[in-house]
Amino acid sequence: MVTYEEFLKENSEIKELKYIKFGKSKVSSYEKSYKVAIEGNPKEYLDIADKATSLQGIDIDVVQTKESMEGIREFVKHCREDVKISNSIGKCNKEEFFLGEEIIESVVKEINPEWTAKQKLAYVHYKMGELVSYLPDYNFNNVVPYPDAIMDSRNIWKGLATKQAVCNGITAIQRNILSRVGVETQDLSSGTHSFMLTRTEDGNVITDATWDLAYTYYGIRPQHFGLSYENFRQKDGNVSRAHKLENPPENVITIEDEELRNIYQSIGSFGPDRKFNSKLPLITGNLNTQYPANLNDRITGLMEAFNTEHKDKLSHLEEFKTILVTALSLIHANIDNEHLFQQCIYSKEDSNFTNPKLITKIIGENQENFMYILDPKSKSLEQTSLEELRDKYNYHKNNTLEPFWNKEIDKETSEISRNDVTKE
Amino acid sequence: MNIKKYYDEVINLLKRMFIKKDIKLLEEPKDTENKAVNFSAKENSVSDFELQLKRSANPNICDGNGFGIVKITKLEDIY
């Protein structure tokens, strides 16, 4: 056990010990007066946790073994109550840290240590849909809705405790879990987006759990698991550079459909029919059979099905937003910008814009309008009207666009008065 | 001749006024909210003007989570 006094003697450059870093990365020279990096067993340093009253933060490298994390947990327990925990980015409090740790450890327990790296990766990739939801209303027209969440949604434990994260946070959570079960990973960053490279028995595998979040949450086949770099760029199409890398990784292998199904079958993710377990194909299939000639009935039926069959999943706003596009295309609805519009809105009473809801407007046959509000807090999906939207809701204050309902109400009003004039 | 000189001076004055304005616009944002906006812009920004134009044509596009970019339309991709 290293005593606090010995520790200060060893780190003579320290003026006031404010931060401790656990992991292999070094402390930069300008940080040396207040920060120390510890590579050894954190349990050996508990006296510092007990006595360093000036300690404000603990910085933990993303890559950790199961044992080192066990030691870090013990260290954090001994720290002052208001200590903040970070993985280089974002911060969480002690309560969030231990909640996050509980979640991670339960996932680690579910992973068979005998599995191959590919199997472990597949398991964690799929689990992410259950663990977090993409931060709602993030980056609409390059405007961030919640400045506080920018860093926090990238913190491993905060992301898990609040169930909200963005790409870097999702990659960090995966890497942290996988490092505890002995799988080597690397963060791939295009500057606009973050995804992951994993070293496996057969070569390197590229995955993007963020872009798969809606699919893994709704039990659908992952779409961004084991694609080649070129395939990822193809998916970006001509509107995104999310996966464009200056130095694409080498020795990348692709995982074809057959192998992907073998992997998921071997880890018990689905039954002998080798199908993923989403209810969506059945729901949309039934609607197509029941109302073959009436798209509007299919749209109403689909929204009802979300409210009943998928009610438990309505707490994830961004994933609903994505999956609805897929579901609508499966009932042969038009999903172009003219026929489908989705936007985060906030109740006028929500002056801090902390409870985003989602408005979905679908144009069906004969220009019939379907408008639904998703409230992720109450997991409800309810029909609404232009008047209700005008009276009760706003876009986020950082969104400079005019709410669509204003224009449409104006249009309706002018049409009514024109008709009145014609009648007269 | 005098009129041309006068005219040039007015033009130069106007130019100076506009240049000053440009410098003002490029100043670092002061409040935290604007800094946050810049952080976001960094995560999702693209330098290519044409690309930006395509993205702005569809306000739903958020490539952080792939929304508006990847669309599954075939049943076999789901199972």
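Modeller: Here's a place to begin: β8(A) and β9(A), the latter covering residues 204-207 of chain A, pair in the antiparallel sense over 4 bridges. One caution is that this is a predicted model, where local features need pLDDT of at least 70 and side-chain atom pairs count only at pLDDT 80 or more, while totals for chains, interfaces and linings use all residues. Residues are numbered from 1 along each chain as its sequence is written, and chains are lettered from A and ligands numbered from 1 in the order in which they are written.

Biologist: What makes β8(A) and β9(A) a pair?

Modeller: Two strands pair if DSSP finds at least two bridges between them. These two share 4 bridges, so they qualify. Leu197(A), for instance, stands opposite Ile206(A) in β9(A). The two strands form a hairpin with 4 residues between them, and Gly203(A) in the turn has a positive phi of about 150°.

Biologist: And what joins β7(A) to β8(A)?

Modeller: β7(A), residues 185-189, is joined to β8(A) by 5 bridges and runs antiparallel to it. Gln186(A) has Leu197(A) as its bridge partner, and Ser189(A) has Ser194(A). This is a hairpin too, with 4 residues between the strands and a positive phi of about 95° at Gly191(A) in the turn.

Biologist: How do you know that β8(A) is a strand?

Modeller: Strands are DSSP runs of E with at least two residues, helices are runs of H or I with at least four, and both are numbered from the N terminus. β8(A) spans residues 194-199 and has 6 residues, so it passes. It is also mostly covered, with 5 of those 6 buried.

Biologist: Why is Thr322(A) called buried?

Modeller: A residue is buried if 20 or more other C-beta atoms lie within 10 Å of its own, exposed if 12 or fewer, and partly exposed in between, with C-beta atoms placed from the backbone. Thr322(A) has 26 within 10 Å, so it is buried. Its place is in helix α14 of chain A.

Biologist: Which residues does Thr322(A) touch?

Modeller: Leaving aside residues up to four places away in sequence, it touches Ala214(A) and Phe67(B). Contact here asks for C-beta atoms, placed from the backbone, within 7 Å. Tyr215(A) is 107 residues from Thr322(A) in sequence and 8.6 Å away in space, C-alpha to C-alpha.

Biologist: What does α14(A) lie across?

Modeller: Helix α14(A), residues 317-330, lies across β10 (340-347), β11 and β12 of chain A, at about 15° to β11(A). Axes are lines fitted to C-alpha atoms, for helices over the stretch in contact, and angles run from 0 to 180 degrees between N-to-C directions. Those strands belong to an open, antiparallel sheet of 5 strands, ordered β13-β12-β11-β10-β14 (chain A).

Biologist: Which are its edge strands?

Modeller: β13 (380-383) and β14 (393-394) of chain A, since each pairs on one side only. Helix α13 (residues 295-308) of chain A packs on the sheet as well, touching β11, β12 and β13 of chain A and making about 150° with β13(A).

Biologist: How does the span of α3(A) compare with the expected one?

Modeller: The expected span is 1.5 Å times one less than the number of residues. α3(A), residues 66-78, has 13 residues and reaches 19 Å from first C-alpha to last, close to the 18 Å expected. Ser68(A), Met69(A), Gly71(A), Ile72(A) and Phe75(A) are its buried residues.

Biologist: What puts those on the same side of α3(A)?

Modeller: They cover an arc of only 160° around the axis, the arc being that of the directions from the helix axis to the C-beta atoms. Glu67(A) and Lys77(A), on the other side, are exposed.

Biologist: How is chain A divided?

Modeller: Into domain 1 (4-86), domain 2 (107-266) and domain 3 (280-420), with bounds from an automatic or database domain assignment. Between domains 2 and 3 of chain A, 13 residues of domain 2 are in contact with 14 of domain 3. β5 (133-134) and α9 (213-217) of chain A each give two or more residues to the domain 2 side, and α9(A) has the largest share, 3 residues.

Note on methods:
Contact = placed C-beta atoms within 7 Å.
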